[in-house]
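Here is a short briefing on a metal site and a pocket. Please look at the structure first.

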Amino acid sequence: MAEYEWMTDVRAMVGREYGRTYAWDRVNEAMIRQWCEVMGVVNPLYTDADVARQSEFGAIVAPPAMLQAWCLAGLNDEYPPGSTEESPYEVLKQIEAQGYPSVVAVNSELTFDRYITVGERLYYTTRLESISEEKTTGLGTGFFVTLIMTYFSEQPSAAEPDPGKFGSEQPSIEDEKVGELLFRVFKFRAAQRDESQANANKAKAADHENSAEKPAIKRPQPGVSDDTRFFWEGAREGKLLIQHCTACDRLQHPPGPVCMHCHAFELDSVEVSGGGELYSFVIMHYPEVPPFEHPNPIGLIELDEGVRLIAGLVDVDQDALEIGQRLQVEFRTFDDDLTLPLFRPASA
Ligand code: ZN
């Protein structure tokens, strides 16, 4: 199909390089420790100077997955002096102006070239890598836009940046590339929903519920492995089973082949009470995914025994969900062959 005329100008932007975006702070132990705490990362290489000193790195290093965090804007959405004032996202505004108001991130791929050490100063430059043909997906019609952020470590020998000069400068030869982030978004206009068709579907769904006829779409089956089979078999018997390490006597979820605490292989499972608290939740409004409830409330539940698991929430008032509210497991069987642990308010 022939492209829109306005697209010629937009396509001309592909390949464009944007100047440096600096990190507010040099790589530092405080940010590393806080990030590890928030993400639940336990690795002494990142937080214990004594252990790190004995390692191949000789000092604390930053978790590779933190790369993007160093160069984020502050809470006021401002970048540090010396950063480019151009927006690598200008292309999205141009597409938006043509009637594609929505955006969703679809890919984020980090590549690490090496570990980052305390004291390094990072920046990235951005390249508009590609814009797809116009595509129609379940979400709507629009364009996939791919940006590549390349991360550099400024070499200590490099002169301090002159704030007046940096805007569009490319990396100096001495600065070392340390990683890359591919970031792809879908800039689109939402699929138009035909109201009369939607109502017809609703009526049809109601018919299904009233008749003994099975719904056409079944719940997806979980991926079951040797490590997780006990969990699903337990659910079938109405038991909430959590993996337990016989070496260190701790619980873990989701189940795996090895104890995440002590790395022992001696794992069995224990039945837990099924009581817990709502630790966090999300209500998925879009897209609608039959046969799940719509909107679909999903909880992260902290069990009384201390582990957290993700499960669907049932019999809840979606507007009244509260972090910390008491929940109780409830097993429900779908399509005659799938029993899932779901959670309902404990008082209900
Ligand atoms: Zn253990």
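Cys259 is buried, at a relative accessible area of 1% (buried means under 20%, with a 1.4 Å probe and protein chains only). Cys245 also counts as buried, at 1% relative accessibility. This is a predicted model: local features need pLDDT of at least 70, side-chain atom pairs count only at pLDDT 80 or more, and totals for chains, interfaces and linings use all residues. Residues are numbered from 1 along each chain as its sequence is written, and side-chain values use heavy atoms, without hydrogens and water.

**Zinc site**
- Cys245 (SG), Cys248 (SG), Cys259 (SG) and Cys262 (SG) coordinate the zinc ion at 2.3 Å (donors are N, O and S atoms within 2.8 Å of the metal, or 3.2 Å for Na, K and Ca).
- The site is tetrahedral, with angles of 105 to 114 degrees among the four donor atoms (four donors qualify if all angles lie between 85 and 135 degrees).
- The donor residues follow the spacing C-x2-C-x10-C-x2-C in sequence.
- Cys245 lies in strand E9 (residues 241–245), and Cys259 in the loop between strand E10 (251–252) and strand E11 (267–271), 14 residues apart (strands are DSSP runs of E, at least two residues, numbered from the N terminus).

**Second largest pocket**
- The second largest pocket has a volume of about 350 Å³ (the space filled by probe spheres set on the grid points, which are joined across faces, edges and corners).
- Of its 18 lining residues, Thr21, Ala73, Tyr79, Tyr89 and Tyr124 are the closest to the centre.
- A pocket is an open set of points on a 1 Å grid where a 1.4 Å probe fits, with protein on both sides within 12 Å along at least five of seven lines; lining residues have an atom within 4 Å of a point.
- Strand E7 (140–154) and strand E8 (176–190) each supply at least two lining residues.

Conventions:
Helices (H or I, at least four residues) and strands (E, at least two) are DSSP runs, numbered from the N terminus. Four donors count as tetrahedral if all angles lie between 85 and 135 degrees; four count as square planar and six as octahedral if opposite donors are over 155 degrees apart and all others between 65 and 115; anything else is irregular. Buried means under 20% relative accessible area, exposed over 50%, partly exposed in between (1.4 Å probe, protein chains only).
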